[in-house]
Structure formats: structure tokens, C-alpha cells
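Hi,

Here is the structure I said I would pass on.

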Amino acid sequence: MSCRGCVWTMTDFAVMTANEDKLRHFLVAHHVLADVYYCDQCHMECRIDKNRKLFRCDRRETVKVHGGRTKVTKRHSFSKSLVAGTWFDKQKFSQTTICRICSLWLILPHPRTVLICRELSIGKKKCDRLEFILSGSLSILD
Ligand SMILES: [Zn+2]
Ligand SMILES: [Zn+2]
């Protein structure tokens, strides 16, 4: 498995996807995920809240009112999912599982969904759903 600039063995890739930080780094480097997001309210760069998996901004803003005679300080709150607008948004599978599904999909010959599900311990119901998704959106890869 390779792309421009890096080469992966299947095993190394699978191991890497188990590490949340390494996987995020990989996905950012490959432009799947964004590493910066700008606050809708102050347009400054958000900080990353790793625990809650959010881009957040809660800066204080001082606004002058009454013709500049009074200053009011407000703390605003802005947050956006780290994966908003990507494949990983609102998925039932973890990022690790999604990346493993994709890599197995690219390597195994057709028909592969049942094999992928067995490999990743995905149950029957989710496997059927996966078959539906993969046969539609990824059929271009066949
Ligand atoms: Zn690469
Ligand atoms: Zn802000």
C-alpha cells in the first residue's frame, strides 16, 4: 500500500490505525481531516479539545458600549466536531474501523464485504449495511 510520499505494509497500517493520535496525524497529513478550524464568532484559530473531540473557542471579548465609556467582557462559546463534514461524521463505526475497512476493501478481491466483516468482527446487521454503502459509494473502485 502506498501513496505519494509514504509506503505502508498492511500490518503497519492496521497497527497504526489503533493509535488515536497517530491515526489523526495520518488523516491530517493526507488531508482527510482538518487540523485547524476558525471560530465563527471571533475568526481566530480554535483550540483542540481532545477529550471531547471538538474544535473549541471560548475567548473573552471586550466590547465597548455607551460610546466607549463602558467596557463589557463576554466569553463566547463555539465548538465544532473534529470530524465535521468528513466521512467520519455521524458514523456508527470508529475511525479505526473505517480506515481498516477501506484498506481491506482496496486489497481484497471481490466479493469482500463478508471477509472484511469477519476480519473486523462486524456483526451481520452492520455487515449488511456496509455491503449497501460499499456497493454504492465505492463501486467506482471495482
Ligand atoms: Zn501517504
Ligand atoms: Zn472565538
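A quick definition to start: the domain bounds used here come from an automatic or database domain assignment. On that basis the protein splits into domain 1 (2-33 + 86-135) and domain 2 (47-81), and the centres of domain 1 and domain 2, taken over C-alpha atoms, are 37 Å apart.

Before the details, some housekeeping. This is a predicted model, so local features need pLDDT of at least 70 and side-chain atom pairs count only at pLDDT 80 or more, while totals for chains, interfaces and linings use all residues. Residues are numbered from 1 along each chain as its sequence is written, and chains are lettered from A and ligands numbered from 1 in the order in which they are written.

Now the sheet. Strands (E, at least two residues) and helices (H or I, at least four) are DSSP runs, numbered from the N terminus, and two strands pair if DSSP finds at least two bridges between them. Three strands make an open sheet in the order β3-β4-β7, with antiparallel pairing. β3 (47-49) and β7 (78-81) are the edge strands, each pairing on one side only. On average, neighbouring strands here are turned by 30° against each other, direction ignored (axes are lines fitted to C-alpha atoms, for helices over the stretch in contact, and angles run from 0 to 180 degrees between N-to-C directions).

β3 and β4 (residues 54-57) pair over three bridges, and Asp49 has Leu54 in β4 as its bridge partner. These two strands form a hairpin with four residues between them, and Lys53 in the turn has a positive phi of about 55°.

Which residues of β4 are on its covered face, and which on the uncovered one? Phe55 and Cys57 are on the covered face, Leu54 and Arg56 on the uncovered one. Phe55 and Cys57 also belong to the largest nonpolar core, whose eight residues include Leu27, Tyr37 and Leu82. A nonpolar core here is a set of buried Ala, Val, Leu, Ile, Met, Phe, Trp, Tyr and Cys residues joined through C-beta atoms within 7 Å. A residue is buried if 20 or more other C-beta atoms lie within 10 Å of its own, exposed if 12 or fewer, and partly exposed in between, with C-beta atoms placed from the backbone.

Over to the helices. α3 (residues 95-107) has 13 residues and reaches 19 Å from first C-alpha to last, close to the 18 Å expected (1.5 Å times one less than the number of residues). Gln95, Cys99, Arg100 and Ile101 are buried in α3, and its buried residues pack against α1 (10-16), α2 (20-29) and α4 (113-119). In the loop between α3 and α4 sits Pro111, joined to His110 by a cis peptide bond with omega about -5°.

Lys90 counts as exposed because it has 7 C-beta neighbours inside 10 Å.

Finally, Arg69 and Ile133 are 64 residues apart in sequence and 60 Å apart in space, C-alpha to C-alpha.

Cheers

Conventions:
Contact = placed C-beta atoms within 7 Å.
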